[in-house]
Each structure stands twice: as structure tokens, then as C-alpha cells.
Amino acid sequence: MQPQIVLLKEGTDTSQGKPQLVSNINACQSIVDAVRTTLGPRGMDKLIVDAHGKATISNDGATIMKLLDIVHPAAKTLVDIAKSQDAEVGDGTTSVVLLAGEFLKQVKPFVEDGVHPRIVIKAIRKALQLCMDKINEMAVHIEKQSKTEQRALLEKCAATAMSSKLIHQQKDFFAKMVVDAVLSLDELLPLNMIGIKKVTGGSLEESQLVSGVAFKKTFSYAGFEMAPKGYENCKIALLNIELELKAERDNAEIRVDNVKEYQKVVDAEWQILYNKLAKIHESGANVVLSKLPIGDVATQYFADRNIFCAGRVPEEDLKRTMKACGGAVMTTANDISPNVLGLCERFAERQVGGERFNLFQGCPNAKTSTLILRGGAEQFLEETERSLHDAIMIVRRTIKHDSVVAGGGAIEMELSKVLRDYSRTIAGKEQLLIAAIAKGLEIIPRQLCDNAGFDATNILNKLRQKHAQGGKWYGVDITKEDIADNYEQCVWEPSIIKINALSAAAEAACMILSVDETIRSPKAGEAPMAGAPMGRGMGRPM
């Protein structure tokens, strides 16, 4: 009767060995099932309601994965790869989750039959290497050609990225906008220099691209109606100063023994404010933007002198205005000189839907642009914003890495064929495993067919035949329920999407396969107290 050795704190949950691995794979499967139907042009959207009752309708794999509150530790890996794909490339977030899940599903029978996970991992790594080599060899490099040709290529990639989103009917309209917006940036292509403003109401076609900065009319006091609503060649003062009377009696204690002295205090306050305003006026600025509030006295003062002012401008808008129009954000009114003022050719205040927008156009160093989106419901606008974000990311990536491959499952079928051919040339367990991974790659075209309601088996058979005969760009044609040469159909994606998606999916699969034990410590405060009536005793079931 040896005493039992207690190694881990009571309440710790451990599970190990083969059953543990299989259960991890099953957990990943259920996540894949959650996003499986969103893939492709005929993909469905998901409606997710969070704890606060806010509803989100989305087709973007990463958005859905972020909103699902996933607690299973192994399944969280899939959320991470979706996020990394979103951050690195912007699109292909659903594909990466599908691929990882399918790789695991295909090797699950081998694991159950007792193949050591290390052998499986080695095979996946080998297969990944072959895929990378093949993609790099197949990718079509677009030489830096004339602007018009490069533009056409970018528009095709943007349209492909949007074809699976809610706004696919207007994809040509938006592809032009997105390409214009990205091409207006400087070489580093900073994402935060493209502002996206959403105004409910109107139709999607009324969305517009402002080459420059646009933001909503900010909070304003009496007197702003008299301020002019448009300028040619205006000078812009960007401030971080509060221009309103502060009631100093709340902040300080002053002892006065007669009214005159009190009057002096009040006069001093007004004087300080007027001095600031006079200095701003002297600088020659005719548009004043401030991050802090501009009070009614100041608004009136500026209006009398034909100056437009706006206070409480959000910081990002102020920064973008500074980038576009030059100048600097001042924190004091004392040294405002002409060289810290921004310049722009036209400033106007326009009505957009129910909102008034301040538009700055014709900026000298306009390396920024603003998309003003219109649309019916709020959820619809948010989803449009997410779709445009994906398209913007794709265009940025295509400018940097100018090689493309055909989408629509074409590249996956070709890689699948390469792996299948390779598997026949080797002996040992790897032969079966690499063939299984080759089968796993077919999930993308298969799912595209399933989501569109086609007969997947039939179309995949046709595709296998075509690829065996050397038609390497053949993929699913959603519109005709058939197969087509997707390179000629202009269904193009940057090859970096596929490279990133495959390597992330393979890494995630290897990581999940290499775990053989999960130890979960009890949360603080959950450990049963000694002698508590509901404590879990030694033999008592959970």
C-alpha cells in the first residue's frame, strides 16, 4: 500500500497520448466547419452576436475567428494563423484555416493507426517545401511595365479579393477606388494614411474617394454659421490648444477684497484668450483646426475675421491633414509663423448624407486619401469597410511583390498534382502521408464548388484530368458551373497570399501534431477548500 504521490495541484486537468492528439484534431475540425461556408464568391456570411448584443455580419475569416470566443487551447492556434494572415497579407484568411484543418483531417487516420506524429510532421514539412518551390517556379512575374498595365493588374487583384465579399456586385467600381487610394500613397505605403469614413444612407455607388483629407464636421459653437464654407489656396493652422474661457475660479483660490480686483482677474482671463486669438489671426491662417475645444468666443472672433475653425478634431484626422498639407501641430500660440502652416488649394464644407464633411483637396504633398463610404445599414457599411481593407492590403502587397498566380482553386490543384506525382517516387510511410496532404490541398476547389452548390466530385475529376494533361491554370469557374483557365479569366491573386497561407497552415498543423499532452491548471479561486461540502474528493466524478 504505497501512498499516492500527488504531483500536480488538485483540480489540474491532464490528458495525454493518442486520444489527446485526436481530440485536438477534432477541435480544429469544428472550427473549420464554422468558417468553411464563407469561402469564395458564393460563400455565405456569418452573423455573430457578442456578449453586449452587438451584431456583426461578416465574410472575413479573421473577423469571424476574432469574434468567436474560442477556449480550446489547440483550436486557438487556428485563430492565430488567421490573424497573422490578416496582418501580413490581408486576404486569404478563410483559406488558411481551411487548409490547416484539412491537413489535420487527412493525417488523422494515420495517427489513429499508430504512425508516430514526428514522421507525419516530417512529411508535412517536406510537402510544404515542394509546394513553395512549385509556386515560385509557376508564379507569373509582371515586369514593371507602363503605369496603365500595372494599374490594370492591380485592379484585377483588387477585384479578385472583393469577389468573395458582400460588395462583389460593385467590385469594379470599388477596385478603381482602392487602386487610386493606394497609388496616392508614398513608397512605404502606410495603411493609416488611407482614411475610411462611413456615412449611412445613400447607395454604395455614391461612395467617393477624396484625394486629400476629409472628416466629419466637428462639435461647434454658436457663430460657426457665419464662417465661410470654402476657400481657394488656404493656409491651415493645426493646433493643440484650447481656445475657450476657463473658469479659473474653479481651479484656484483667489482672495480679493473689492470688486475692482475681481474685475482685473476676469479681464486678465479675457486678455489671455484674445492675445492667443490675435496671434493666430496675425499668422495669416484662414482655417484653424484644433484637437482641443474651440469655445464660442473664439468661434465668433474667427467668423468675424473670415476664418473657418473646427475644434475637437480627432487626432488621426489631424495627423493626416498634417501629412497631406504640410505644417506642424502647434501647442502654443506664441510662435505661429507662416512656415508651420499647412497649405491646400481648395477647402470646402460639403453635405454628405446627413453629415457635413470638411474636405481638403489639392494638397501639395498629398500622400493620403480618404474613402467616404455610403450604404444602407450600419452592419453593411462595416462589412464594406472590412472588404475594402482586404482589397487595400492586396493591392499594397501586389505593388511590393509583383508576381501573381491564378485563383479559384487552380494553384491548389496544381500543387496537389505535384505532390501526388512526387509521392509515387518515394518509399515508406511518407508516400502515404504526402499523398494524403495532396488530397488535403483539394479542399479549396472542393469547398468553392460546395458553396456554390455544384457537384464537387464531378468538377474535381475534370480538374484532375486537366492538370494531368498540363493545363496548370485550370480552376473552378463559378459563373458557368464548370472549369476554366483562371489565368485568362483574370482571377488573379498575389503569389505571396498562397505562400503565406500554405506555410502558416503547415506550421499550425505541425504544431498541433507535436502536442501530446495538455495540462490545465485550475483557475485561481477554483481549487476546492479543504472540508468544503462540494469539494471534489479523490474518487468523486467531475
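A residue is called buried when its relative accessible area is under 20%, exposed when that area is over 50%, and partly exposed in between, with a 1.4 Å probe and protein chains only. The model is predicted, and local features need pLDDT of at least 70, side-chain atom pairs count only at pLDDT 80 or more, while totals for chains, interfaces and linings use all residues. Residues are numbered from 1 along each chain as its sequence is written, and side-chain values use heavy atoms, with hydrogens and water left out.

A disulfide is counted when a pair of cysteine sulfur atoms lies within 2.5 Å. The sulfur of C234 has its closest cysteine sulfur in C344, at 3.6 Å, which is too far for a bond. Seen from C344, the closest cysteine sulfur is that of C234, again at 3.6 Å and too far for a bond. The structure holds zero disulfides.

Helices (H or I, at least four residues) and strands (E, at least two) are DSSP runs, numbered from the N terminus. The phi of N233 is near 45°, a positive value in a residue other than glycine. Most residues other than glycine have a negative phi. N233 counts as exposed, with 58% relative accessibility. Another positive phi in a residue other than glycine belongs to C490, where the angle is near 65°. C490 sits in the loop between β17 (482-485) and β18 (492-494), and at 28% relative accessibility it counts as partly exposed.

Helix α4 covers residues 93-112. Its 20 residues reach 29 Å from the first C-alpha to the last, close to the 28 Å expected at 1.5 Å a residue; the expected span is 1.5 Å times one less than the number of residues. The helix bends by about 35° at Q106, and a proline, P109, follows within four residues. Here the bend at a residue is the angle between axes fitted to the seven residues ending there and the seven starting there. Because 16 of its 20 residues are buried, α4 is largely enclosed by the rest of the structure. Just after α4, G114 takes a positive phi of about 100°.The charged pairs come next. A salt bridge is a side-chain nitrogen of Lys or Arg within 4 Å of a carboxyl oxygen of Asp or Glu, and the structure holds 28 salt bridges. One of them joins K165 and D91, with the closest N and O atoms 3.8 Å apart. K165 lies in the loop between α6 (147-162) and α7 (171-183), and D91 in the loop between α3 (76-88) and α4, so the pair ties together parts that are 74 residues apart in sequence. Both K165 and D91 are buried.

Which helices does the salt bridge between D180 and R151 tie together? D180 and R151 have their closest N and O atoms 2.9 Å apart. D180 lies in helix α7 and R151 in helix α6, so the pair ties together parts 29 residues apart in sequence. D180 is partly exposed, with a relative accessible area of 33%, and R151 is partly exposed at 24%.

R374 forms a salt bridge with E206, and the closest N and O atoms are 3.4 Å apart. This pair links distant parts of the chain: R374 is in strand β14 (residues 369-375) and E206 in the loop between β5 (194-200) and β6 (208-210), 168 residues apart. R374 is buried, with a relative accessible area of 8%, whereas E206 is partly exposed at 43%. Elsewhere, K197, E316, D317 and R320 are linked in a network of salt bridges.

The surface also has a nonpolar patch, of about 330 Å², made by L7, L8 and I519. Patches are made of residues with over 30% relative accessible area and no salt bridge, where like charges are joined within 9 Å and nonpolar side chains (Val, Leu, Ile, Met, Phe, Trp, Tyr) within 5 Å. The accessible areas come from the Shrake-Rupley method with a 1.4 Å probe, and for residues only the protein chains shown count as cover. L7 is found in the segment before β1 (13-16) and is exposed, with a relative accessible area of 78%.

Finally, N136 has its place in helix α5, residues 117-138. N136 counts as partly exposed, at 48% relative accessibility. The C-alpha atoms of N136 and K76 are separated by 30 Å, the two residues being 60 residues apart along the chain.
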